[in-house]
Each structure stands twice: as structure tokens, then as C-alpha cells.
Protein chains: 2
Amino acid sequence: MDNVTEVYNFSAGPAVLPVSVIKKMQAEQPSFKDSGMSVLEISHRSSLYEEMFHQAKSDLRKLMKIPDTYEILFQQGGATLQFTATALNLATKQKRIGLIDSGHWSQRAGQEAQLVGVEVDPVASGQASGYTELPYQLNLTGAYDYLHITTNNTIEGTMYRRLPATEGNLLVGDMSSNILGQSYDVNDFGLIYAGAQKNIGPAGLTIVIVKKDLLGQAQALPAMLDYSKQAKKDSALNTPPVFAIYAAGLVFKWLLDLGGVAAMQKRNEKKAALLYDYLDNSTLFKPAVTKVSDRSTTNVPFMTGDEALDARFIEEATAQGLLNLKGHRLVGGMRASLYNAFPYEGVEALVAFMEKFAKTVGEK
Amino acid sequence: MDNVTEVYNFSAGPAVLPVSVIKKMQAEQPSFKDSGMSVLEISHRSSLYEEMFHQAKSDLRKLMKIPDTYEILFQQGGATLQFTATALNLATKQKRIGLIDSGHWSQRAGQEAQLVGVEVDPVASGQASGYTELPYQLNLTGAYDYLHITTNNTIEGTMYRRLPATEGNLLVGDMSSNILGQSYDVNDFGLIYAGAQKNIGPAGLTIVIVKKDLLGQAQALPAMLDYSKQAKKDSALNTPPVFAIYAAGLVFKWLLDLGGVAAMQKRNEKKAALLYDYLDNSTLFKPAVTKVSDRSTTNVPFMTGDEALDARFIEEATAQGLLNLKGHRLVGGMRASLYNAFPYEGVEALVAFMEKFAKTVGEK
């Protein structure tokens, strides 16, 4: 690795950021907006912060076409804390939710909801397919406070292009790994949350988008778990993660400059197609997800079927600057995460290396 | 402000960082440890992260002389989330704690504990003095899961140099605004927590130091609020705030290079003495806290007694590059926060400006 200057970072998160964003952060590091202070040093009660925060929020609103009837919150603790917060804030009437089980992270959302006393009804599951296919048909029985969906399954490599019919139920979406990379209609959701460290940028920030009329149902929640209190203080109830918000704001600007979510989705489809096309035609490598319409554009798990060969591939790829290709232990093999900031050239480099590797080991 | 190149940032948090740390972050921004990736882009499952994390943890252990019988957790959500987490994890037997009420932030800790069903007994209060003096005498009645103390009161400007006698009770300390700036014996505490954005550096990281034998009392807590689960996963139960941990690690190294907490305490005492000496001899400005032994070294509130004059002082100071001197609304006037990274020269500049200002308005 020591001699590799250019690398491609396939990490599932924290993940690659746009080069121009890294450069801007570096340039602004010692003095933010000529203040003489680093953005790491500014008070969250200063106009410098206020302006930066509101710009980021309004750019996100523009990017996702978020109606004014929705609040945008910038929180901490990752999606995992939102598994809890969502249940505490919204599962107040029936204390029962429907879980669309599309894999590991949706199961985790269910487990954490149960821990705060919410009944979790598995209304659909991808288990029969080993989570290589998405469940669309929901078995709804009785009343639910909401249905929970994971729009993109980082580990399993599946992604909802169309949402299941919810029969009038409120939908809560964990969009951690494809927010801003795939177009969704916010109006289809009562609440959306997403850890920033995959498709936005820095770890330590979690986006929550919530319909305003859903706020205030729960009473006497701890401040950091109470969307209503957080909304009232515009996400500055206590010290917000200033730097992570700043970095996210730079990414939002970068996305707007490139044409927004629709443009990004096209880029992501093009990147993913290059890799899937190769995988579909390879006799050595195979994709974990074969059902084309369920394939994620941001996370592509694949394998040779031979663990030792997978390990060798990962080792040799790493030496070539193709980094973090090791798959999640639940799926094994390799995984290429191709988030918004991941360049097309990186996929070309990967496919070229796979071709070379396949020849070396003698294509099966 | 536009023409001021050197500024002194008196912010109460997020606050000034060491110049050398900012420079190092800037230099390392595009490629962390020659990886070709920014530290913002590295996976929390990578050896790059692991090494950085363990170094930061071990440096903090060294700095605070934390015995091996204590876990160190790197969390998110600020002290406010720890108000909740501490109560959930430790107030499990009596469901009752004793609150040493030394001001706003200790009250907030009590309120959040009550929100999760814990009885809060105010065992001591600084209310009679308007929180300008610290309560030391505790009125303990019955059994407590723990007593809660705020070692430094950011808003009121008071600081415990010696701890109240706890009569064998477990002590939980919120050290957010003087951790690593004042020497305490970790053994006096069952648990210590601190938001990083005051005396360590970046917002978005919260340090928790907890005695290992206190873990595992609570059952079925949400993952992000469960110290035991967090300890088992070494603070990587989900994606940790990588950049904030990295920045904190750089600050820890800087502290070690300068001689650690004892050396820092001396520096802080010297800085604070310069300001307090001036305040005690000024006929225009007066310190909010007159009891010398209770004065904070990190947060110094002061005022003229004339709100309009305070406002004018703040405005003119700001124009001179003496930034963020506005006091908290609860105390009014001005506040100079002199955390570890704040330079002695900044206090000299402030005092010089105060002298000049006093002459201009005609010292009373």
C-alpha cells in the first residue's frame, strides 16, 4: 500500500467523500469564512454556525424536495439511536408496529423497538430467499402505529425501487445507505432517518425528516430522544456535531452542483450496471443478489464461492489500492459500496482487476 | 472583524483548539497515515481506525491515570444524553439519586433522570448564594444509587477543587467543562462523563469513564444507552464519530507533550489568576464569583453591572478580535472561557483591552 498514491475506497461506511469537498475542508480548516477560527472552534450559538446550519438544512430540503410540512433534524447516535427514538416518539397509540424484514438492519430496528416496549409484527420477510430478494407483499393484521422499511440493505445488497403498498399505514424509512442516491417521494413517508456516514459523508451525524403533525404525541421523553423538543430548538437543544453538519453541508452543495438526486441516481445506476454486467457474465465471480429489480445500486456483494479465493482476491485488490472490499461476515465474499461520491473510474478499475484476477486463477 | 487576522476565541464551547492540532489535521486531511484516504473516509472496522482509537483511549487513560478497573467509552449525544444513560444504567436498585445542585447543568442532569423514572433528592444546593458559591455539605437521607456532581459549572463559573464527603455513596461526575484541565482522582468516582467540545475539542464526542463492576446492572436497555453493550463492543457497537475521536486523540497527544493534566492545571491557574486579579482590582468590572476557592479556572463570568455598558464592551471587544465574550443569559454580562487550548496571551489581550475600555468610559 505504501507506494499506491491513488486509491479507491469501497468501504460500506464511513465511506469515500467527494475530492472537492475534502479539498475545501482542508483549505478552510484554519479559518472558517475568514473568522480566524476553525469550523471546529465555532460556537453553536454564533451567527457563523446559524448561517451554515440553515444553509445545510435548506439545501437538503431542496435536494429531497422535502415539503414544509416536514421538520428536518440533525441528530447524533446513528440510525441505531433512531431505532429507539422512532419507536418512542411514534409508537404511542397502538404500541405496535409492522416490520418489513429485509435483512439485518431492519431486524435491528425491530429489536430496539421491542426494547422500549413496542410490539413488533413481522408483516413481511425476505428470509425465504436468504434476504437476496425483497418482500413487497405485506400481511397486515390490525392496527399499527407505523410500518418500518429499510430502503436499502447495506449488508444484503438489496434496494427498494418501489415501495410496498402500505394500505394507509404510516411508513417510517431507514434510508441510511441510499439517501440522496436514489429518488424517493418524501410524501410517502411519515418519517425518514439516515446515518450520514454512508451516502452523505462524515460519521457522527444522523438526519431525521419527520412530518410535523406527528410531533408531540409522546410525553416526557428524554430530551435527546424527543423529536418535538429537538424540533423546537432547531436541533441545537445541546451542542450539535458542528463539524459533521458543516461537512454534510459541503456534500449537499456538491450534490446540487451535479444536478441533485435524479442526476446522482443516474450516475449510481451507471456505476452499478458496469459491475453487475461484469458479474452476470463472469464464470468466476457471482453477485449475491440475482433478482435484477431488487439489486442495490450503492452496495454490491459478490463472491467466488471459494472462501480462500475470496481472501486472496481481497488481498491482491488491496495491494492495488482497491480498498475495503471485504464483505460483511453475514454474507461473506466481497462487497463494493458505490455511494454517490464513489467515482465511475473506481468501478472500471475494479472490473479491470477482476478480469485480470480471473485470468490468473484460470476462469472456471 | 474582516481585517483582524489573529483572534482570541473565548467561546464556552465548542471552543478553541490548539493551533498545532488544527495544523496537523489540515496537513493530514487528504491522506491519513499515507492511506490515500481522509480520516473522514476510513472504515471503523479498519486497522487504521482501530489503531487510532486505541491510541486515543490509552492516551486518555495515561492523562487521567484511569485504573484498569474502569472502562473508557467514546459516545455521542453530549452530556445531555448521559444524563439519561447514567440514570438508566446506574439508578437500578433504589431508583433514587442524590443531586448536588450547583447550577443549571446539574439541574438539567436531575430533570433528565426524573424523566426516566428516577427519584431525585436535592442533597445540597447553591441556590441561596445565587449559585455563586458551591454546596459542600450534603444532607443525605436514606439510600442512593449514586450522588451526582457537576465538577465545573460552565455558566455560573464555579469549580470543585475538593469533592464533598459522600459518606460511602457512589459519585457520578459531569466533568464536561474541566476534564483534563483540573486534576481529579478517578477513584473518587464510579462514573465520569464529559462532552468533548469544551476542554477536549470537537463537538460530537462524549467521554464516559465507568467502573467496570458497575456495568451490567440494567437489563434490556436500548443499545445506544447501554454502557455494558457499548463496553463489549469497545464503543463501536455502531459507527462511532471517527473524526471527533481522531481530533480528540490529537489533543490528548498535545496534552501529553505539554506535561499532562498537572501541567495544564498550572497553566489554567496562571491564566485565570491574571483575569481574576484584574477583576478583583477593577472598579468597573466585577467577577460573578467572589469566593476565591470556588472560582472556576476554565469559565470566568464578569460584568459591569450596567447592561448597556456590557453590550458596548462586548461589541468593541469583538471588533478587536476578542470573540464570544457574551455571557450566558442566566448570568448576563460577559464570560471568558479559558480552556486548556486557550493561550495566556489571549488573557493578556483581554485584560489590556479591559483596562483601555475602563479608561475610555471613565473608571467608576
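Where in chain A is the place of A:Pro14? A:Pro14 is in the loop between strand E1 (8–9) and helix H1 (19–28) of chain A, where helices (H or I, at least four residues) and strands (E, at least two) are DSSP runs numbered from the N terminus. The model is predicted: local features need pLDDT of at least 70, side-chain atom pairs count only at pLDDT 80 or more, and totals for chains, interfaces and linings use all residues. Residues are numbered from 1 along each chain as its sequence is written, chains are lettered from A and ligands numbered from 1 in the order in which they are written, and side-chain values use heavy atoms, with hydrogens and water left out.

A cis peptide bond joins A:Gly13 and A:Pro14, with omega about -10°. In chain B, the peptide bond from B:Gly13 to B:Pro14 is cis, with omega near -5°, and B:Pro14 lies in the loop between strand E1 (8–9) and helix H1 (19–28) of that chain. Most residues other than glycine have a negative phi, and most peptide bonds are trans. B:Ala220 is not a glycine but has a positive phi of about 60°; this residue is in the loop between strand E10 (206–211) and helix H5 (227–232) of chain B. B:Ala220 is partly exposed, with a relative accessible area of 49% (buried means under 20%, exposed over 50%, partly exposed in between, with a 1.4 Å probe and protein chains only). B:Ser235, also not a glycine, has a positive phi of about 65° and lies in the loop between H5 and H6 of chain B. B:Ser235 counts as buried, at 3% relative accessibility.

The UniProt record (unreviewed entry) places the feature "domain: Aminotransferase class V" at residues 7–350 of chain A; UniProt positions are given in the numbering used here, feature names are shortened, and annotations may be inferred rather than shown by experiment. Over residues 7–350, chain A is 34% helix and 17% strand, and the end C-alpha atoms are 11 Å apart.

A:Val300 is in strand E12 (residues 299–303) of chain A and is buried, with a relative accessible area of 0%. Leaving aside neighbours within four places in sequence, A:Val300 is in contact (heavy atoms within 4.5 Å) with A:Leu275, A:Tyr276, A:Leu279, A:Met334, A:Arg335, A:Ala336 and A:Leu338. In strand E12 (residues 299–303) of chain B lies B:Met303, which counts as buried at 12% relative accessibility. Not counting residues up to four places away in sequence, the residues that B:Met303 touches include B:Phe285, B:Asp310 and B:Met334.

In soluble globular proteins, nonpolar side chains tend to be buried together. A nonpolar core is a set of buried Ala, Val, Leu, Ile, Met, Phe, Trp, Tyr and Cys residues joined through side-chain atoms within 4.5 Å. The largest such core has 186 residues, of which A:Phe313 and B:Phe313 touch the most other members. Not counting residues up to four places away in sequence, B:Phe313 touches B:Phe285, B:Phe302, B:Leu325, B:Met334, B:Leu350, B:Phe353, B:Met354 and B:Phe357. A second, separate core of 54 residues includes A:Ala79, A:Ala223, B:Phe83 and B:Leu225.

B:Thr166 lies in the loop between strand E7 (158–159) and strand E8 (171–174) of chain B. At 17% relative accessibility, B:Thr166 counts as buried, and among the residues it touches, not counting those up to four places away in sequence, are B:Leu138 and B:Leu140.
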